[in-house]
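Here is a short report on the pockets of one protein model. Look at the structure first, then read on.

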Amino acid sequence: MILTIATRLSCRMYGATDALLQIEAAPTSQQSILSANIASTPTPHFLRVGAQDGIGERIWVHHDGDFSVSYDARIEVLRNDFDLASLAGLPPHRLPGEAVPYLLDSLYCPASRLQPFVQEEFGALAGGAKVEAMRAWIAGHFRYVPGSSNSATTALDSFVERRGVCRDYAHTLIALARAAAIPARFASGYGPGVSPQDFHAVAEVFLADPAGQGGSWRIVDATGMITPDAFAVIGVGRDAADASFFTSYGTMDLVSKDITVRSE
């Protein structure tokens, strides 16, 4: 599938401010960048650095005053959809080093607090079937309510309140999976089915490869808005703190944000 993406961001920085921008789809084995262009307000510092797990790039910006950036791209998604429930899990002692950090608690995903619930609710299941049951549980118990959470909301908060946006759905699924000793990480990206259209957040879980060649990361969206074959990944991390589209180290207001994603 080919996705056409157009992103427009405007903000106001009060005083010389450092900001970390991450809005470009990442070139990976599962998605190809057919064309891409990023342009911004002239600024004294615009420097690319590698992002989490070597997936994509972040851009350091140093600016004072009004700042705008535009990003246009065509991305070919090479990833296929799959039957999540058919995939086996891997016991912790067989996990590669890259997956181990994603078993642990993180800022927004206090997985250890959810272990008793996970054992009681999903203890009879394993691997992808367990993750699918977790996804279905969130979809059946949560309400998608824009504005119902903020930058301090954790998976535990969302679990209690049973509502949120894509970020909260992803954090909750990640925390539930980690509580079951299944590595899970946060992925930000673009999808044509997202409503209202915006950056989108999903979970990725590390499960056994059907061909028996170790394991691989698999996209799971608890909101049901996208499928793996129609999602362009921007970046990944332990939770939203590692994959924020704009992180400011100073005072900044987001003035406007407009995102369009279409499939061909």
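A residue counts as lining a pocket when it has an atom within 4 Å of one of the pocket's grid points. The model is predicted.

**The largest pocket**

The largest pocket holds about 830 Å³ of space. Its lining is made of 29 residues. Nearest its centre lie Arg167, Ala240, Ser244, Phe245 and Lys257. Helix H4 (166–179) gives two or more residues to this lining, and so do strands E7 (184–190), E8 (200–208), E11 (246–249) and E12 (252–263). E12 supplies the largest share, three residues.

**The second largest pocket**

The second largest pocket holds about 230 Å³. Thr28, Ser29, Gln30, Ile55, Arg79 and Arg185 are among the residues that line it. Glu204, Ser216, Trp217, Ile219, Val233 and Val236 belong to the lining too. Two or more residues each come from strand E9 (215–220) and strand E10 (232–237). With three residues, E9 gives the largest share.

**Lining by class**

Technical notes:
Residues are numbered from 1 along each chain as its sequence is written. This is a predicted model: local features need pLDDT of at least 70, side-chain atom pairs count only at pLDDT 80 or more; totals for chains, interfaces and linings use all residues. Side-chain values use heavy atoms; hydrogens and water are left out. On a 1 Å grid over the protein atoms alone, a cavity is a set of points where a 1.4 Å probe fits but cannot get out, and a pocket is an open set with protein on both sides within 12 Å along at least five of seven lines; lining residues have an atom within 4 Å of a point. Grid points are joined across faces, edges and corners, and a volume is the space filled by probe spheres set on the points. Helices (H or I, at least four residues) and strands (E, at least two) are DSSP runs, numbered from the N terminus.
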